[in-house]
Amino acid sequence: MELKYFIIRRALVIIPTLMGLTILTFLLLWAYGPNLVAAGFESEKYHNVAAALAAQGFNFSDPIGTYFSYLAHLFTGNWGTINQPISAKTLTAVEIFFPNTIQLAIAATIVSVIIAIPLGTYIGARPNSPADQAGRIFSLSGYALPAFWLAYVLIILFGKKVGVVPYLNIFPYDGNGSLNVSSPIFNNFHVSTPTHILLIDALIAGDIPLFESAFMHLILPVATLTYGILAGILRFIRAGMVDASNQEFVKTARAKGVPEKTVIKKHIRKNALLPTVTVLGLLVSSLLGGVVTVEYVFDYLGIGYLAVYTAEATQVWGILVLTFIFGIILMITNLIVDVIYAFLDPRIRY
Amino acid sequence: MVEENITVTEQKERLKVQDLKVRFFTSKGIVKAIDNLSFSIREGESYGLVGESGSGKSVTATAVMDLIPDPPGRIIRGKIYIDGFNILTDLDQLAKIRIKSPTDVIIKRKKRLIKRHNYIMSGIRGDKVSMVFQEPFLSMNPVMTIGDQIKEAILLHGRVDIANSIIKRETMNAQEVSKIVDTIMAQPDTQTRNKIIVRLCGEYAIPELAKPFTDLFENSTDRDFIINEVLSLVNTKKTGLNLEKLEESKNYFLLRERILDLNLELIGAEHSGDERTAAQLEAQIKELKSTMRSQFLLYSIKRRFMRRFIDAPFEKFAEGRTLELLTQVNIAGPERVMTSYPHELSGGMLQRCMIAMAFSANPQLLIADEPTTALDVTTQAQILDLMKEVNKNYNTSILFITHDLAVIAEMCDRVGVIYGGNLVEEAPVKEIFYNAKHPYTTGLMNAIPRAERRFEKTARLESIPGSVPNLIDPPSGCRFHPRCKFKMDVCSEKKPKLVEIEKDHKVACFLYSDEVEEEPREEIP
Ligand SMILES: Nc1ncnc2c1ncn2[C@@H]1O[C@H](COP(=O)(O)OP(=O)(O)OP(=O)(O)O)[C@@H](O)[C@H]1O
Ligand code: SF4
Ligand SMILES: [Mg+2]
């Protein structure tokens with residue numbers, strides 16, 4: 001069908017973008033220079049940096065050849081090592097940290113959408129009512145207050161109640177490479193298996209206390225993120241509702257005798273939600289990219305947390321790989337948004 | 001003030017508008033969009049409303065549907081009788097308007113009453129009166145298929161009738177069929193016969209069989225053969241659905257219709273100050289609602305969560321009817337159009353779809369607000385023919401709005417000329433064209449380009465000097481006086497009243513009558 005071809009075509013566009021991304025990150029690698037690049041590959045085992053690099057196929061006097069070696073490394077997952085926040089292969093670190101961010105982002109997105117759609121509909125159907133004013137203040141505060149501030153406030157207010165103070169990291173993991181619990185779902189790398197998403201793994205293993213703990217640890221970070229996302233999309237849904245209500249087809253619907261509630265839910269809202277999909281897509285991709293401050297404040301071992309450490313310690317391989325991953329996330333969410341949009345809006349020509 | 005009983009209007013008047021006054025409260029001031037407008041449309045009549053752009057034609061049409069966008073607009077006074085019921089009966093209770101200054105107006109809306117008003121209006125709109133809008137592209141929901149939009153209109157009204165039709169189809173037996181075949185065969189005239197067939201097919205929820213049946217009766221006179229054929233065709237259309245469930249749906253909608261009717265009565269009783277009846281009606285409504293809640297609890301839950309399943313027979317009916325409607329408006333490839341989105345169709349096709357939609361419930365009154373302005377000339381002629389046909393065949397009254405006098409000449413029986421929110425002249429169409437009285441109307445007439453005039457020696461297209469007045473601060477007295485060639489002193493001081501100067505011919509101009517329209521002193525200017 002047409003939609004299928006649209007998806008394929010749209011997916012193919014990713015390839016050149018991806019190549020561009022590899023070139024950009026390669027420039028970054030070049031800029032860091034031989035010493036820092038070699039650091040990721042146990043350079044101390046070799047008698048000099050050049051030898052260490054040569055063993056990986058890198059030669060800083062041959063940009064083209066090095067670029068292709070770099071590509072090989074990138075696509076095979078041979079990403080060297082990092083030593084902060086954990087001392088491990090970069091690939092392993094990503095495997096540990098990334099699923100946590102996915103879990104957080106998905107949870108925050110779902111909660112936001114569940115709240116935003118009915119709330120946005122309600123507010124958007126009553127522009128300038130007290131409810132709308134309240135929503136406006138809420139959104140404004142969501143924009144104005146930095147996430148880390150809210151995070152701290154939430155910890156102070158509720159941290160004790162949900163039992164996550166003083167350390168809020170999702171793992172029963174002490175930050176020094178050892179585990180505090182001996183749940184069978186953890187392997188040596190402190191990664192829960194099989195999905196690497198603790199909530200799900202705990203459920204699969206039937207470890208209810210662990211599930212509960214993982215759930216409790218999620219509440220505050222999710223609340224913090226939800227506040228920000230809600231602030232954004234609530235305004236968008238509201239604006240979309242007001243905009244759609246003023247269009248002629250709404251009059252037609254009323255003229256047919258469609259009851260007011262159905263006019264709002266069926267005719268106005270469906271049109272209002274279209275632009276919101278785009279905004280939500282952007283928000284989710286930024287979430288997946290790791291909401292650095294939120295993860296940092298909550299000691300939440302997500303990819304943002306990892307990014308802070310790799311950047312701080314100039315661990316080149318961590319930086320390169322994370323930049324690359326962020327780029328891919330952005331492309332994929334954009335693709336998904338485009339497809340959803342095409343699916344929802346018949347006017348999109350594929 | 002003495003109020004007449006709300007159900008008493010002159011018989012056969014499908015629409016009666018009395019003293020309509022519409023205001024828009026904007027940041028620049030109060031737009032006096034419609035002032036003391038009165039007119040009525042009889043059964044089967046086509047009434048044209050003409051005037052320049054901005055004269056208030058669309059506002060009048062929208063007001064008749066009670067769809068004036070609020071904010072900024074409100075109908076602030078008047079009566080609009082649709083089928084004898086004044087839809088503005090509860091107007092005064094809906095909102096309190098306080099004017100501090102023209103740019104600072106406080107409107108306190110009574111939410112509960114507005115809710116009831118909307119509920120009642122949604123029962124009237126689309127059922128008794130439908131509207132075709134000016135811009136077909138903007139007037140269709142862009143993210144719903146044409147079929148879904150028409151089906152929605154069909155399923156909003158007359159569910160009980162639909163259920164009855166389906167039950168009739170499902171229980172149709174040989175005896176019934178032979179009786180019907182006899183009646184049809186007894187009809188010698190093919191045309192009437194075909195009409196009967198179409199009507200019966202609609203009644204039995206088998207509109208798609210109308211065509212094979214007419215062919216059948218045309219090609220055969222063998223009674224038994226026809227009966228057999230009809231029976232077998234009807235049997236292919238029977239779905240064997242659960243009639244008990246359908247009965248349940250029917251009873252549910254019967255109750256809903258009953259509650260709506262009682263609410264209409266309640267408003268009437270409240271308005272006429274009959275507190276005892278009102279209290280009785282209120283109690284009755286409450287009781288019915290609680291019956292509905294208890295008796296149809298399970299049903300409403302199912303309807304809410306398994307809509308598709310519960311509504312399946314209705315949906316199927318609506319699909320057949322949609323196809324039939326689309327065929328009626330001469331759309332090529334109705335099946336394809338049904339699954340199309342508005343952006344996939346041309347303006348002419350969309351306008352046909354709008355007309356099909358407007359006719360889904362066979363309304364008695366159709367409001368057409370410049371339905372052909374956005375279309376090219378050929379399509380325009382086709383659409384007009386279509387509307388004329390409908391007007392004739394179903395005896396539908398039409399309120400036809402346009403600024404094109406040629407279209408008026410073609411379409412309308414009677415014409416009202418509107419200027420600055422006031423009706424300035426009203427007469428049968430011939431009178432307007434050959435015996436126009438009001439200086440504005442004669443001006444409009446002279447502005448029509450006519451082919452034959454090009455060859456007259458003195459031929460000149462005249463236009464009316466000046467432009468439509470600003471309705472925030474309209475001219476005093478006769479609103480036309482700044483542009484009028486015959487302006488007298490009185491014209492800027494007093495407002496002429498619309499009076500009947502010849503039979504059926506009303507004019508508001510001091511050239512013909514001295515009667516002055518008394519401007520009522522009221523809170524809202
Ligand atoms: N939403 C609104 N807010 C403010 N003023 C309005 C609004 N809608 C209509 N009006 C005013 O009401 C007056 C009549 O407008 P209306 O749309 O009825 O004109 P019309 O006769 O239909 O013109 P056209 O031929 O251009 O459609 C105009 O002066 C217009 O400014
Ligand atoms: S009342 Fe006076 S100004 Fe108005 S149309 Fe008649 S003559 Fe002209
Ligand atoms: Mg108009």
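Analyst: A polar contact is a pair of N or O atoms within 3.5 Å; within protein, one of the two must be able to donate a hydrogen and the other to accept it, and residues adjacent in sequence count only if both atoms are side-chain atoms. The model is predicted, and for that reason local features need pLDDT of at least 70 and side-chain atom pairs count only at pLDDT 80 or more, whereas totals for chains, interfaces and linings use all residues. Residues are numbered from 1 along each chain as its sequence is written, chains are lettered from A and ligands numbered from 1 in the order in which they are written, and side-chain values use heavy atoms, with hydrogens and water left out.

Around ligand 1 there are 17 residues, where being near means having a heavy atom within 4 Å, and the closest of them are Ser53(B), Gly54(B), Lys57(B), Ser58(B) and Val59(B). With Glu370(B) the side chain takes part, as one of its N or O atoms is 3.1 Å from an oxygen atom of ligand 1.

On its own, ligand 1 has 640 Å² of accessible area (by the Shrake-Rupley method with a 1.4 Å probe), and the protein covers 69% of that area. The elements of chain B that give two or more residues to this shell are β1 (13-26), β2 (29-42) and α1 (57-64), named from DSSP runs numbered from the N terminus (helices are H or I with at least four residues, strands E with at least two). The largest share, three residues, comes from α1(B).

Sorted by class, the shell around ligand 1 has six nonpolar, eight polar and three charged residues; here Ala, Val, Leu, Ile, Met, Phe, Trp, Tyr, Cys and Pro count as nonpolar, Asp, Glu, Lys and Arg as charged, and the others, Gly among them, as polar.
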